[in-house]
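Trainee: I'm new to this one. Can we go through the pocket and the ligand site together?

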Amino acid sequence: MAVSRKIVLCQRPVEMFTDACFEVIETPVPEPGEGEAVVKIEYFSLDPAMRGWVRDERSYLPPIELGAVMRSGAAGRVIASKNPSLPVGAGVMGMLGWQEYALIGGNTGAMANALPEGVDLVDALSIFGSTGITAYFGLLDIGQPKEGETIVVSGAAGGVGSIVGQIGKIVGCRVVGIAGTKEKCSWVVDELGFDACIDYRTENVVDALGDACPNGIDVYFDNVGGDILDAALGHMNDFGRIVACGMISRYNDAEPGPGPCNITNVVKRRLRMQGFIVIDYLGRFAEAAMQLAVWAAEGKLKNRVQVVDGFLSAPTAVNMLFTGENTGKLVVKL
Ligand SMILES: NC(=O)c1ccc[n+]([C@@H]2O[C@H](COP(=O)([O-])OP(=O)(O)OC[C@H]3O[C@@H](n4cnc5c(N)ncnc54)[C@H](OP(=O)(O)O)[C@@H]3O)[C@@H](O)[C@H]2O)c1
């Protein structure tokens, strides 16, 4: 009997994920019922949000239950189908979880869609998936950048940040990144066209932002929160926009960290700081994917993906997001 391995959550992490959080179970590869299709998963998307999904607290999605397959974006191909709109061979992307095979369509309730023909599975998980779309709407809709303004983006060499900075250049802004190594800074400046990048591990971010943003900051795209958010707040211009996309520096905290002391500038400088979740834009995903595809085809947008090999590497590889061992979008190849 063909077997499908699944990685299930068996214990909630206190700080970083550990091996003890997960166990591997085996179930038969599913057979499709009427209207259903079986997907053989080829890639998992690893996302910082996963750390939030395993917390037992109220959020924009229900917490993953103990004993459930770890929630994850994933992409693969249909290998068996009783649904004409999901033919064998079709690429599929969705919230398919850390498992080798997934049943979709019919009444399964699986959040998954067939991909247009020819779309690469890794592209579907990165530039044209929630990573690129988060960058697109976060910057353009929430950040509302205007030509000539200064954008600062943290997590600049990561999946979302690297695309934010490039879109910032496309719309005619000065773009300053903040990232965790000299190599990452060089990559976003030399390869992606950022105007400058600050290495937050070796530089004083408050001073460096002053040097890199002589006209202040108009849009701060925050991926990390904490001290870096605080530093950016201190340099915001009147009526600036802060895109509160993520606060990864806090995700592994067992106890809440200290609050940013410049947060009062949100009031004093009449800043709008707005949280958003990419699924709010479900109805407009195609619009973003089309524009991202055009920019990619024109060579204006580069998509760097770091691939970790092996189904069983997922629980360890997810921690690379927190140690900064990834550059660009991190995926697992099964
Ligand atoms: N709102 C939404 O709908 C939405 C959707 C997708 C993602 N997000 C958020 O967007 C952010 C980026 O996500 P991603 O998928 O593109 O991940 P990513 O940026 O590819 O990977 C995470 C990066 O965060 C940096 N980092 C980790 N710990 C840090 C710390 N303590 N201080 C500063 N930087 C730290 C690391 O780079 P360095 O080497 O530079 O430290 C790491 O490479 C996350 O906060 C995520 O939660 C939000």
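**Pocket and ligand site**

Mentor: The second largest pocket has a volume of about 290 Å³. The model is predicted: local features need pLDDT of at least 70, side-chain atom pairs count only at pLDDT 80 or more, and totals for chains, interfaces and linings use all residues. Residues are numbered from 1 along each chain as its sequence is written, and side-chain values use heavy atoms, with hydrogens and water left out.

Trainee: Which residues lie nearest the centre of the second largest pocket?

Mentor: Val69, Arg71, Met95, Leu96 and Gly97, out of 15 lining residues. The lining has 11 nonpolar, three polar and one charged.

Trainee: What is 2.4 Å from an oxygen atom of the ligand?

Mentor: An N or O atom in the side chain of Tyr200. Polar backbone atoms also come in: one of Val160 is 2.7 Å from a ligand oxygen, and one of Gly159 is 2.8 Å from a ligand oxygen.

Trainee: How much of the ligand does the protein bury?

Mentor: Taken alone, the ligand exposes 920 Å², and the protein buries 90% of that (Shrake-Rupley areas with a 1.4 Å probe).

Notes. 1 Å grid on protein atoms, 1.4 Å probe; cavity = no way out; pocket = protein on both sides within 12 Å on 5 of 7 lines; lining within 4 Å. Points joined across faces, edges and corners; volume = space filled by probe spheres on them. Nonpolar A, V, L, I, M, F, W, Y, C, P; charged D, E, K, R; others polar. Polar contact = N/O pair within 3.5 Å; in protein donor to acceptor, adjacent residues only side chain to side chain.
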